[in-house]
Amino acid sequence: MQTNLNKEKAFFIEYTDSFLEKGNSTLNENINLKKAHSLRVTDHAIKLAKSLKLDAHSVELAGIIGLYHDIGRFTQYRDYHTFSDKDSIYHGDLGIKVLQDLQKPMLFSSTEWKIILTAIHNHGLPKIEPNLNEEALLFSKIIRDADKMDIFYIVDAYYKSMLKGKRNVALELGLKNEDKLSEGVFKSFMNEEIILKSDMQFINDFKVLQAAWIFDLNFEYTKHYIRETDYLQSIISQITVPDKRALIKVKAENYLASSH
Ligand SMILES: [Fe+2]
């Protein structure tokens with residue numbers, strides 16, 4: 001790597017700040033949200049890589065991927081005014097294009113660059129694509145877990161702020177705020193399946209989709225984090241369909257307790 005994490009962080013902050021516009025509070029809130037998310041995911045990815053006892057170079061690479069995994073979010077929001085990939089373009093692939101335009105490939109060896117691209121492409125897919133080589137698979141797993149650790153925190157904070165009447169349409173992806181839960185989403189959860197964003201109709205479906213990420217965690221470090229923080233419990237407690245909420249709660253607790 002002809003770079004280091006601190007240098008890239010400084011670049012990232014300058015890049016993301018260039019999207020801010022004076023007086024445009026909605027835009028600025030969303031840009032700052034993704035900026036802060038990326039910086040926290042960088043830290044999660046580093047700690048996770050260290051927990052796996054990876055060498056210093058790999059730990060730094062995990063941090064770089066954390067920093068840049070959502071780099072497509074800024075042009076996505078500027079150009080499409082949404083974070084919904086369905087209504088725009090998959091932000092993982094958008095991010096790859098952004099990094100290419102920013103001349104980032106030349107800072108890395110071709111092996112490192114391939115790992116970075118593969119991990120960014122895979123970070124937001126419902127499932128990791130098959131047939132990745134061992135290294136690309138490892139870094140894809142790290143970024144997916146590190147990303148989820150922070151999204152649990154963000155969505156928990158968001159649902160709590162919703163209770164106080166504060167909304168952010170970009171985070172709700174156009175879902176209906178009704179006391180309903182789609183039957184298919186509920187069934188998928190109870191079968192320990194990943195839920196597709198395209199199957200969501202209600203905000204409650206989104207809460208269940210996020211809770212279902214526990215079935216897709218790759219490392220004990222991440223499961224430990226989910227057990228030790230209240231985010232998952234809190235998200236589940238905010239599902240506004242009481243009978244199904246109770247079943248989801250028990251299912252999630254049993255799964256986490258048994259999956260060491
Ligand atoms: Fe993302």
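Donors here are N, O and S atoms within 2.8 Å of the metal. Keep that cut-off in mind for the opening stop. The model on screen is predicted.

**Stop 1: the iron ion**

Select the iron ion. Which protein atoms are its donors? They are OD of Asp70, NE2 of His91 and NE2 of His123, at 2.1 to 2.2 Å from the ion. Along the chain, these donors are spaced as D-x20-H-x31-H. Aspartate 70 sits in the loop between α3 and α4, and histidine 91 sits in helix α5, so the two tie together parts 21 residues apart in sequence.

Color by accessibility. Aspartate 70 has 3% relative accessibility, so it counts as buried. Histidine 91 is buried too, at 4% relative accessible area. The cut-off for buried is under 20%.

**Stop 2: helix α4**

Move along to α4, residues 72-80. Its buried residues are Gly72, Arg73, Phe74, Thr75, Gln76 and Tyr77. Show the neighbors. These buried residues pack against α1, α2, α5 and α8. Then step past the end of the helix. Histidine 81 follows α4 and has a positive phi, near 55 degrees.

**Stop 3: the largest nonpolar core**

The largest nonpolar core holds 38 residues. Ile65, Tyr68, Ile71, Leu99, Ile116, Phe139 and Ile142 have the most contacts inside it. Two or more residues come from each of α1 (5-17), α2 (25-51), α3 (56-68), α4 (72-80), α5 (91-101), α6 (110-123) and α7 (134-163).

Center on isoleucine 65. What does it touch, leaving out residues up to four places away in sequence? Its contacts are Ile115, Ile116, Ala119, Phe139 and Ile143.

Now zoom out. Another core lies apart from the largest one. This other core has 36 residues, including Val185, Phe189, Ile214 and Ile239.

**Stop 4: asparagine 122**

Select asparagine 122, in helix α6. Buried or exposed? Asparagine 122 has 0% relative accessibility, so it counts as buried. Not counting residues up to four places away in sequence, asparagine 122 touches Tyr90, Lys127, Ile128, Glu129, Leu132, Ser140 and Arg144.

**Stop 5**

Most residues other than glycine have a negative phi.

Go to the loop between α5 and α6, where glutamine 103 lies. Glutamine 103 is not a glycine, yet its phi is positive, about 60 degrees. Proline 105 is in the loop between α5 and α6 as well. Proline 105 has a relative accessible area of 21% and is partly exposed. Beyond residues up to four places away in sequence, proline 105 touches Leu99, Gln100 and Trp113. From proline 105 to isoleucine 116, the C-alpha distance is 9.5 Å, for a sequence separation of 11 residues.

Jump to asparagine 131, in the loop between α6 and α7. Its phi is also positive, near 65 degrees, and it is not a glycine. Asparagine 131 counts as exposed, at 79% relative accessibility.

**Stop 5: α7 against α11**

Show α7 and helix α11, residues 220-228. How are they packed? Two packed helices are described by the angle between their axes and the distance between the axes. For α7 and α11, the angle is about 10 degrees and the axes are 10 Å apart. That makes the pair roughly parallel, because the angle falls under 35 degrees.

α7 brings Asp145, Met149 and Phe152. α11 brings Tyr221, Thr222, Tyr225 and Ile226. By class, there are 5 nonpolar, 1 polar and 1 charged residues.

**Stop 6: helix α10**

Finish at helix α10, residues 203-211. How many of its residues are buried? The count is 9 of 9, and the helix is mostly covered. Those residues are Ile203, Asn204, Asp205, Phe206, Lys207, Val208, Leu209, Gln210 and Ala211. Show what lies over them. The cover includes α7, α8 (169-172), α9 (183-190), α12 (231-237) and α13 (242-258).

Conventions. Residues are numbered from 1 along each chain as its sequence is written. This is a predicted model: local features need pLDDT of at least 70, side-chain atom pairs count only at pLDDT 80 or more; totals for chains, interfaces and linings use all residues. Side-chain values use heavy atoms; hydrogens and water are left out. A nonpolar core is a set of buried Ala, Val, Leu, Ile, Met, Phe, Trp, Tyr and Cys residues joined through side-chain atoms within 4.5 Å. Buried means under 20% relative accessible area, exposed over 50%, partly exposed in between (1.4 Å probe, protein chains only). Helices (H or I, at least four residues) and strands (E, at least two) are DSSP runs, numbered from the N terminus. Contact means heavy atoms within 4.5 Å. Donors are N, O and S atoms within 2.8 Å of the metal (3.2 Å for Na, K and Ca); water is not among the atoms, so sites may look incomplete. Axes are lines fitted to C-alpha atoms, for helices over the stretch in contact, and angles run from 0 to 180 degrees between N-to-C directions. Angles under 35 degrees count as roughly parallel, over 145 as roughly antiparallel, 65 to 115 as roughly perpendicular and the rest as oblique. Ala, Val, Leu, Ile, Met, Phe, Trp, Tyr, Cys and Pro count as nonpolar, Asp, Glu, Lys and Arg as charged, and the others, Gly among them, as polar.
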